[in-house]
Amino acid sequence: GNPYKEDISIAQVQELVEKVAAIGCRIISLADTVGTGTPEIIEETYTTIIPKFPEIRIGGHFHSGTTTAVDKVTAALKSGCRRLDSAIGGMGGCPFAKSALVGNVPTEGVLDCLDALGVPHPIDMPQMKYCHSIKHDIFGVAVKELVLAQTLNNENWFRKLVNKHFDAHDKSGSGYLDKPEFAASMKEVFAELGEEEPPAEKIERSFQKMDLTGDGVITIDEYMVGARRMLLKRLKEME
């Protein structure tokens, strides 16, 4: 990808691969760290480069918005790439990317692509889930993960993530969020998205919309509805 909207030169990529190969490197990853690459560019690049360097393992290091990650990974795999970098939940990103939702390709998305294409992998899924739990204990649940679960239509995963996000802000353990707890949740989400902190009026309006029963607190079921509504709006904006 190119953040300056210039044409991608596959000939230049080939020239650079030749130089790196000439000094003895046998594993070379092609990177798009701002998430502007497209499946079409990825396919054209890999189908051109891989046959020219049969002695080199050509890999991929992609950054992407959650909704397009699967398409990019699929394009790379179908084009012969067999080495991909990824991160659990798509953690990490690039300060030059335009969106806070652009980050490393999520490992979950890569595994989903491999399964869909019938490509075997050695990943121990129970251990993968354990790694997820460690990640959530340390860093919490990221908005990118919620978007990913929604994109992959993984309802069980989505509900588990929303529950974890809810529990992280239910400081009293009461089973609901009061206004201060809800405000803290909203502020965290906006901060993660790289947006300005929402004013008190916006937080109050959101609270009233999410408080479906009008009892002055947000239950997990109401939080689930609100989270899904927010994510669908975000996905539409990213189309």
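This section describes the fold, surface, aromatic pairs and salt bridges of a predicted protein model.

The model is predicted, so local features require pLDDT of at least 70 and side-chain atom pairs count only at pLDDT 80 or more, while totals for chains, interfaces and linings use all residues. Residues are numbered from 1 along each chain as its sequence is written, and side-chain values rest on heavy atoms, with hydrogens and water left out.

The protein contains 10 helices and 5 strands. These elements are DSSP runs, numbered from the N terminus: helices are H or I with at least four residues, strands E with at least two. Of the 239 residues, 41% are buried. Buried denotes under 20% relative accessible area, exposed over 50%, and partly exposed the range in between, with a 1.4 Å probe and protein chains only. Contacts (heavy atoms within 4.5 Å) were also counted by separation along the chain. Among those with a separation of 6 or more, 64% join residues 24 or more positions apart.

The accessible surface of the protein is about 13,200 Å². Carbon and sulfur atoms hold 54% of this area. Areas follow the Shrake-Rupley method with a 1.4 Å probe; for residues, only the protein chains shown count as cover. Tyr130, Ile134, Ile138 and Phe139 make a nonpolar surface patch of about 440 Å². Patch residues have over 30% relative accessible area and no salt bridge; like charges are joined within 9 Å, and nonpolar side chains (Val, Leu, Ile, Met, Phe, Trp, Tyr) within 5 Å. Tyr130 belongs to helix H5, residues 125–139. This tyrosine is partly exposed, at a relative accessible area of 48%.

Aromatic pairs were examined next. The structure holds 3 of them. Rings of Phe, Tyr and Trp (its six-membered ring) pair if their centres lie within 6.5 Å; planes under 30 degrees apart are stacked, over 60 edge-to-face, and the rest tilted. One of the pairs is Tyr46 with Phe62, edge-to-face, with 6.3 Å between centres and 85 degrees between planes. Tyr46 lies in helix H2 (residues 39–52) and Phe62 in strand E2 (residues 57–65), so the contact ties together parts 16 residues apart in sequence. Tyr46 is buried, with 1% relative accessible area. Phe62 is also buried, at 5%. Another pair, Phe166 and Tyr223, is edge-to-face as well, with centres 5.3 Å apart and planes at 70 degrees. Phe166 sits in helix H7 (residues 155–169) and Tyr223 in helix H10 (residues 220–238), so this pair ties together parts that are 57 residues apart in sequence.

Salt bridges number 3. The criterion is a side-chain nitrogen of Lys or Arg within 4 Å of a carboxyl oxygen of Asp or Glu. Glu15 and Lys19 form one of these, with the closest N and O atoms 3.5 Å apart. Both residues lie in helix H1 (residues 10–22), 4 residues apart, or about one turn of the helix. Glu15 is partly exposed at 40% relative accessibility, and Lys19 is exposed at 51%.

Glu204 and Lys179 form another bridge, with 3.2 Å between the closest N and O atoms. This pair links distant parts of the chain: Glu204 is in helix H9 (residues 200–210) and Lys179 in helix H8 (residues 179–192), 25 residues apart. Glu204 is partly exposed at 31%. Lys179 is partly exposed at 39%.

Helix H8 also contributes Lys187, whose partner Glu197 lies in the loop between H8 and H9, so that pair ties together parts 10 residues apart in sequence. The N to O distance in this Glu197–Lys187 salt bridge is 3.7 Å. Glu197 is exposed at 54% relative accessibility, whereas Lys187 is partly exposed at 34%.

Helix H9 also holds Gln208. This residue is partly exposed, at 42% relative accessible area. The C-alpha atoms of Gln208 and Ile218 are separated by 9.3 Å, with the two residues 10 positions apart along the chain.

Disulfides number 0, the criterion being a pair of cysteine sulfur atoms within 2.5 Å. Cys25 is partly exposed, with a relative accessible area of 31%. Cys131 is partly exposed at 34%.
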